[in-house]
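Me: Could you take me through the helix packing and the charged pairs of this protein, with the reasoning spelled out?

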Amino acid sequence: MAVAGIAGSERPGQVTMAQAVLAAIETGEHLAVQAGTGTGKSLAYLVPAVRHAVTEHATVLISTATIALQRQLIDRDLPRLAAAVEPALGRPPVFAILKGRRNYLCLQRLRMGAPEETGETLFDPDAVSATGRQVQRLHEWAARTSTGDRDELVPGVGDLAWRQVSVSARECLGVQRCPFGTQCFAELARDEAGRADIVVTNHALLAIDLLEDFDVFPEHDVVIIDEAHDLVDRVTSVASDELSAAAVEIAARRCGRMIGEQAVLRLREAGEATERVLAEIPAGRIDVLAESLAAALRSVMDAAAGCAAEFRTSAKNNEEEPERIAARRSALAAVGEVHDAAQRLLAAFGPAIADRSAVVWLDRPADEASRLASRQVATRQVATLRVAPLHVGGLLASRLFSRRTVVLTSATLTLGGSFEPLARQWGLARSEPRSAQPAASGVPDEAGPPATAESERTAKPGPAKPGPAKPGPAAKAGPAHRPGPDQVGRPATDRSAADDPAAEHQLAWSGIDVGSPFDHPRSGILYVARHLPPPARDGLAESYLNELAELIAAAGGRTLGLFSSMRAARQAADVLRDRIEFPLLCQGDDQTSQLVSQFAADEATCLFGTLSLWQGVDVPGSSLQLVVIDRIPFPRPDDPLASARQRSVAARGGNGFMTVAATQAALLLAQGTGRLLRTMTDRGVVAILDPRLMTARYGTFLRASLPPFWTTTDPEVVRGALRRLAEHKQG
């Protein structure tokens, strides 16, 4: 009925998925659904979600990774579905979108202005003037917007400009104190969400809800996570902290003359000492805490605590104007952030390396050569300490899966033919006997041998949940500062819990692949250039560039080049512009959205780029008939987070390379190859230039993660196929 109501056609995979989602909601058992492009997965989960919300007087939360999908749900899918199901349900379902406070225009900040923060544009007059023009646009937009939602401003503005008109939750005055409380865009959005049957949000705000000790969303019993392949990265990002000397200086500047001069001076001196210490530390992962760095961090933490204490003792909020209160809260927010970051950085080094739940590293500004190679804008960057959780499975298990019924879906959830690799990252994996043997194929062996599709549906880690829990505010009680995600729900050094959060929380789940409407073997070719040498570390070899040029020539342009680094993409673009007769765009030449539009508009055009293009391009039709991937996208060996995660897995007897590096590469490869077929009539080739996909032992696992294209290693065969496609389009 719902499909007919929106003038759609029924698809078997869509029906299967809808039935599985309905069963999950009714039984309380978590569900992972892989649904290929073209399945119609949004309707498949929206129909049972709307039915449950309206008939049970409940709220269902839907979380996405991208703005594009949020807009699709709110602007297209939900309005059409609401009209279609109203006769059956007796009323139209109500839906709303809710984002973090920083995403909404703050009328109070707009009126009084933001604290002066020159650190990011120091010595760069062009950046200052550009920011000023953007802020002026924001003031003009503020007079006509009805939502204050940043994503509705087109074209958008930079983060620095947006911070001039928005506030974080820590900086917010609160509805009662703010003179614009009744008009507040963020509060109006929250009120609307509180009345909705379906609330659409993003993974970042979902992560904040899990981490904080207050409820961000209205009470809800079901969570549907679309684009679930991106969940762990988004949660990890929100659960991370950073500290720089510039951040300490900003906090000191915000304090100004509102507290004692000596307290501010101590904070400023602590920041200067930190800057001197960081200047002596090489970029990269930090495993051993030097005494000089420890002293600097303790100094920042103590000085920030001293400033906060002075604010508390001198508070006269009942006598102050809103502007004064806003300035105090802005200063307290900045002071609190540097204090919590310093505290967490120190705490990360407490346990022995094998037992740590977080990793610390130093990011240093790119040198001049790297900046020029990547066409970066010349802005002042600063050395920054970062701390991130090694795993977020414990957090997700204890604060999401143990409290709500959760459905996770994406076009790419099975890696190596199994849900197990991603399920383990979510905290849903089963406890299995460990294997010390390297995994050559199948599921990476952190938790045991490969699982079959049947075992994933029957061998549950525990009994089914009796029903979704609806915890009150007390369920989120915790320390005043934000805990590390692996400190939530269990001690950081509890290694058995770290191995299997699902067993600890008795989480039942099942996985189902509803397939794809595409006939992959007839619609696409997977070509692996087995005859090429393994990829070099110092750029693309001449043989790779020649192979790429020949493929593009055979395809008549129409090529999306996905590169493992911006340096490689730029090198290929610079060389091939002199060798091919087709227009060639490279990421960084213009805004990515504009480049994609140009690429889609002209069939002969080629587009080269890196990570955001691997997952963010949707170009159906003859403009895209060749996807080229230069190398298997393993994380860099010096990637701090990935290398620390590999070490952590190895310390527990697992295969760190397969569990972390190969899994990450498989997910990116699946996303990248998925750019080729976007409609039933699309045809083309995915060409992977890295021969290791065929020659290495882990190649079996990686190939099992890709769509089932017809596969060849013969360059003549693939060039012939591309020429026939090009001639067919011309004819």
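What follows is a set of questions and answers on this predicted model.

Me: How are helix 11 and helix 12 oriented to each other, roughly parallel or roughly antiparallel?

Reply: The axes of helix 11 (residues 245–255) and helix 12 (residues 261–279) come within 8 Å and cross at roughly 170°. Angles over 145 degrees count as roughly antiparallel. The orientation of helix 11 and helix 12 is therefore roughly antiparallel.

Me: How many nonpolar, polar and charged residues make the contact of helix 11 with helix 12?

Reply: Helix 11 contributes A245, V248, E249, A251, A252, R253 and C255, while helix 12 contributes V264, L267, R268, G271 and E275. Gly counts among the polar residues in this classification. By class, the contact of helix 11 with helix 12 is made by seven nonpolar, one polar and four charged residues.

Me: How many residues apart in sequence are the parts that the salt bridge of E542 with R579 ties together?

Reply: The closest N and O atoms of E542 and R579 are 2.5 Å apart. E542 belongs to helix 22 (residues 542–555), whereas R579 sits in the loop between helix 23 (566–576) and strand 14 (584–586), so the parts tied together are separated in sequence by 37 residues.

Methods:
Residues numbered from 1 in each chain as written. Predicted model: local features only at pLDDT ≥ 70, side-chain atom pairs only at ≥ 80, totals over all residues. Heavy atoms only, no water. Axes fitted to C-alpha atoms, helices over the stretch in contact; angles between N-to-C directions. Helix = DSSP H or I, 4+ residues; strand = E, 2+ residues; numbered from the N terminus. Parallel < 35°, antiparallel > 145°, perpendicular 65-115°, else oblique. Contact = heavy atoms within 4.5 Å. Salt bridge = Lys/Arg side-chain N within 4 Å of Asp/Glu carboxyl O.
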